[in-house]
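Biologist: I am new to this structure. Please take me through a single part of it, slowly enough that I can follow along on screen.

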Amino acid sequence: KKPPRLRRILYTAGITLGILLALAYLGMEKILFPAPGRYSERVGNVVIQSGNAELDAFFHAPADPGKPVILHSHGNGESLRYMFPAPRDYIRRGYGILVYDYAGYGASSGKAGEKQSCMDIAAAYDFLRNTKKIPPEKEGMVHFAGFVALMVLMVFVMYNDIVRLFA
């Protein structure tokens, strides 16, 4: 049998750990999706509908029909307004590009979050495939390190749908 003092310490530590885990869970969206400052003026030249959100986006068709269109998804804490050196470099090399702000970022409406970010990625991809009629063999994707975790998370969130596609 454990001494009463040790039992009390373990009990207090367990309660404290439980409270800290609950607070981390409740604040997870803010930790994982730290949206930078919002602004009202759009930077992009197109708007992409993603659920109830409107995404501020910039699209430029490739100069050469043989070049791919790059779907560029920025990392957490970034915004379209501060990304323009990268699109200029791709355009200068003749590539097409689509860059966009997630919901809750920059001039995009809506609220940043896990499910919304997955919807935003799908909406950007759908914009290329169905609105701009870019064939799959002419698409490329660029993601930064902060975005890799979101892609892995997206696979877990959409796991059942992915399995149904290949089963």
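Modeller: Start with strand β3. This is a predicted model. Both faces of β3 are covered. On one side, Val69, Leu71 and Ser73 are buried.

Now look at the neighbour. Strand β4 covers residues 96-100. It runs parallel to β3, and 5 bridges join the two. How does the chain get from β3 to β4? It passes through helix α3, residues 85-92. This β-α-β crossover is right-handed.

Follow one bridge in detail. Which residue of β4 is the bridge partner of Ser73? It is Tyr100. Tyr100 has a relative accessible area of 0%, and the cut-off for buried is under 20%, so Tyr100 counts as buried.

A pair of aromatic rings is described by the distance of the centres and the angle of the planes. The count of aromatic pairs comes to 3. One of them joins Tyr100 and Tyr102. Their centres are 5.4 Å apart, with 80 degrees between the planes. Planes over 60 degrees apart count as edge-to-face, so this pair is edge-to-face.

Next, step from Tyr102 to Tyr105. These two rings also form an edge-to-face pair. Here the distance is 5.6 Å centre to centre, and the angle between the planes is 65 degrees. Is Tyr102 buried or exposed? Tyr102 is buried, with a relative accessible area of 2%. Tyr105 is buried as well. Put together, ring pairs link Tyr100, Tyr102 and Tyr105 into a cluster.

Two other tyrosines have a charge over the ring. The charged end of Lys67 sits over the ring of Tyr95, 4.5 Å from its centre. The charged end of Arg81 sits over the ring of Tyr39, 3.7 Å from its centre.

Just after α4, Lys133 takes a positive phi of about 55 degrees.

Note on methods. Residues are numbered from 1 along each chain as its sequence is written. This is a predicted model: local features need pLDDT of at least 70, side-chain atom pairs count only at pLDDT 80 or more; totals for chains, interfaces and linings use all residues. Side-chain values use heavy atoms; hydrogens and water are left out. Helices (H or I, at least four residues) and strands (E, at least two) are DSSP runs, numbered from the N terminus. Buried means under 20% relative accessible area, exposed over 50%, partly exposed in between (1.4 Å probe, protein chains only). Two strands pair if DSSP finds at least two bridges between them. A crossover is right-handed if, with the strands pointing away from the viewer, the path from the first strand over the helix to the second runs clockwise. Rings of Phe, Tyr and Trp (its six-membered ring) pair if their centres lie within 6.5 Å; planes under 30 degrees apart count as stacked, over 60 as edge-to-face and the rest as tilted. A charge sits over a ring if NZ of Lys or CZ of Arg is within 6 Å of the ring centre and within 35 degrees of the ring normal.
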